[in-house]
Amino acid sequence: MAWFKRTEKGIQTATEDKKDVPKGLWYKSPTGKIVDADELARNLYVSPEDGFHVRIGSKEYFEILFDNNEFKELDKNITSKDTLHFVDTKKYSDRLKDAQEKTKLKDAVRTGVGKSKGKDIVVCCMDFAFIGGSMGAVVGEKIARGIDHSIKNKIPFVMISKSGGARMMEAAYSLMQLAKTSAKLAQLADAKVPYISLCTDPTTGGTTASYAMLGDINISEPGALIGFAGPRVVKDTTGKDLPEGFQTAEFVLEHGFLDFIAHRKELKNKVNLYLDLILNQEIR
């Protein structure tokens with residue numbers, strides 16, 4: 001009976017001796033598949049059971065696209081300011097500080113310059129972990145400067161979008177970034193420098209309404225949510241039931257807003273293949 005009842009009372013175990021299961025050891029995909037975390041990382045954060053693409057950030061995308069993960073980060077110390085002294089559930093200045101401490105990022109986008117399959121490339125990549133990948137003045141400025149670097153050095157530009165839309169805490173300053181980035185992309189086109197836009201999960205709001213859909217080639221990962229307003233808002237506005245799979249990458253591809261969908265394992269080869277085709281150079 002001692003197996004079922006304590007024979008001694010007041011037994012205490014020191015915290016450092018407790019045998020808790022480490023967090024993050026397993027990952028459960030939306031379809032219910034269980035994947036070992038290490039195996040998931042080795043598979044570029046794609047579930048081998050069902051092909052589900054787990055959200056990743058700029059760190060992982062840079063590892064995928066840049067040769068040997070070697071790149072130079074541009075404008076890495078630019079940070080946002082609380083110009084409007086905005087307050088919702090908390091001060092915007094405090095929200096920025098908390099996001100920077102939690103993510104170890106300066107803002108919701110990073111720009112890297114390096115070689116991909118032996119040739120130079122500029123990659124701007126958004127991080128959803130930083131205030132939902134929201135597009136504020138810093139995001140617009142860093143993208144604009146990344147485009148300027150591409151124009152100056154005649155280097156192809158790749159934009160990886162992952163965003164909930166414009167950053168409401170910056171109000172009109174945020175909305176100005178739609179026009180600013182679009183104008184810069186027009187300059188990029190005039191300079192005949194190729195631009196590939198990759199939409200990942202999610203790509204919504206002002207991001208979709210500007211640079212995310214202005215690529216010479218627009219691509220996406222499987223199953224990504226791509227749209228302007230969310231499904232609930234669209235349904236409430238139109239008063240109609242939405243088609244099955246509405247705003248998924250596959251639905252958007254079928255309706256002509258994407259050129260193709262690329263599995264993460266194929267991303268580096270696909271991006272460089274289309275750059276070679278656009279530039280009419282030897283296929284790598």
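Predicted model: local features only at pLDDT ≥ 70, side-chain atom pairs only at ≥ 80, totals over all residues.
1. Where does Pro-202 lie? Pro-202 lies in strand 7, a stretch that covers residues 195-203.

2. Let us begin with the whole chain. Nine helices and nine strands make up its secondary structure. Along the principal axes, the C-alpha atoms fill a box of roughly 80 × 50 × 45 Å. Of the 284 residues in the chain, 43% are buried. There is also a figure for how the chain meets itself: take the contacts between residues at least 6 apart in sequence, and 66% of them join residues at least 24 apart.

3. Now look at helix 2, residues 58-65. Is this helix mostly covered or mostly open? It is mostly covered, with six of its eight residues buried. The buried ones are Ser-58, Glu-60, Tyr-61, Phe-62, Ile-64 and Leu-65. What covers them? The cover includes strand 3 (71-74), strand 4 (109-116), strand 5 (119-126), strand 6 (157-163) and strand 7 (195-203). Helix 9 (267-279) is also among the elements that cover the buried residues of helix 2.

4. Next comes a pair of helices. Two packed helices are described by the angle between their axes and the distance between the axes. For helix 4 (residues 137-153) and helix 5 (residues 171-190), the angle is about 5° and the axes are 9 Å apart. An angle under 35 degrees counts as roughly parallel, so helix 4 and helix 5 are roughly parallel to each other. On the helix 4 side, the residues that meet helix 5 are Ala-137, Gly-140, Glu-141, Ile-143, Ala-144, Ile-147, Asp-148, Ser-150 and Ile-151. Their partners in helix 5 are Gln-177, Lys-180, Thr-181, Lys-184, Leu-185, Gln-187 and Leu-188. By class, this contact has seven nonpolar, five polar and four charged residues.

5. Most residues other than glycine have a negative phi, and most peptide bonds are trans. Asn-69 has a positive phi, near 55°, and is not a glycine. Asn-69 belongs to the loop between helix 2 and strand 3. Lys-104 is another residue other than glycine with a positive phi, here about 65°. You will find Lys-104 in the loop between helix 3 (92-103) and strand 4.

6. How exposed are those two loop residues? Asn-69 has 34% relative accessibility and so counts as partly exposed. Lys-104 has a relative accessible area of 69%; exposed means over 50%, so Lys-104 is exposed.

7. Asp-75 sits in the loop between strand 3 and helix 3, and its 25% relative accessibility makes it partly exposed. Which residues does Asp-75 contact, leaving aside its neighbours within four places in sequence? They are Lys-142 and Arg-145. Asp-75 and Arg-145 are 70 residues apart in sequence, yet their C-alpha atoms are 8.1 Å apart in space. Gly-245 is in the loop between helix 7 (231-238) and helix 8 (249-254), and is partly exposed at 31% relative accessible area. Its C-alpha atom is 9.5 Å from that of Leu-225, which is 20 residues away along the chain.

8. Finally, the pockets. The largest holds about 190 Å³ of space. Its lining consists of Thr-208, Met-213, Ile-226, Gly-227, Phe-228, Phe-246, Gln-247, Phe-251, Val-252, His-255 and Phe-257. By class, that lining has seven nonpolar, four polar and no charged residues. The second largest pocket has a volume of about 150 Å³. Among the residues that line the second largest pocket are Phe-52, Arg-55, Lys-162, Glu-221 and Arg-264. The classes in the second largest pocket are four nonpolar, three polar and five charged.

Technical notes:
Residues numbered from 1 in each chain as written. Heavy atoms only, no water. Buried < 20%, exposed > 50% of the residue type's maximum accessible area, 1.4 Å probe, protein only. Helix = DSSP H or I, 4+ residues; strand = E, 2+ residues; numbered from the N terminus. Contact = heavy atoms within 4.5 Å. 1 Å grid on protein atoms, 1.4 Å probe; cavity = no way out; pocket = protein on both sides within 12 Å on 5 of 7 lines; lining within 4 Å. Points joined across faces, edges and corners; volume = space filled by probe spheres on them. Nonpolar A, V, L, I, M, F, W, Y, C, P; charged D, E, K, R; others polar. Axes fitted to C-alpha atoms, helices over the stretch in contact; angles between N-to-C directions. Parallel < 35°, antiparallel > 145°, perpendicular 65-115°, else oblique.
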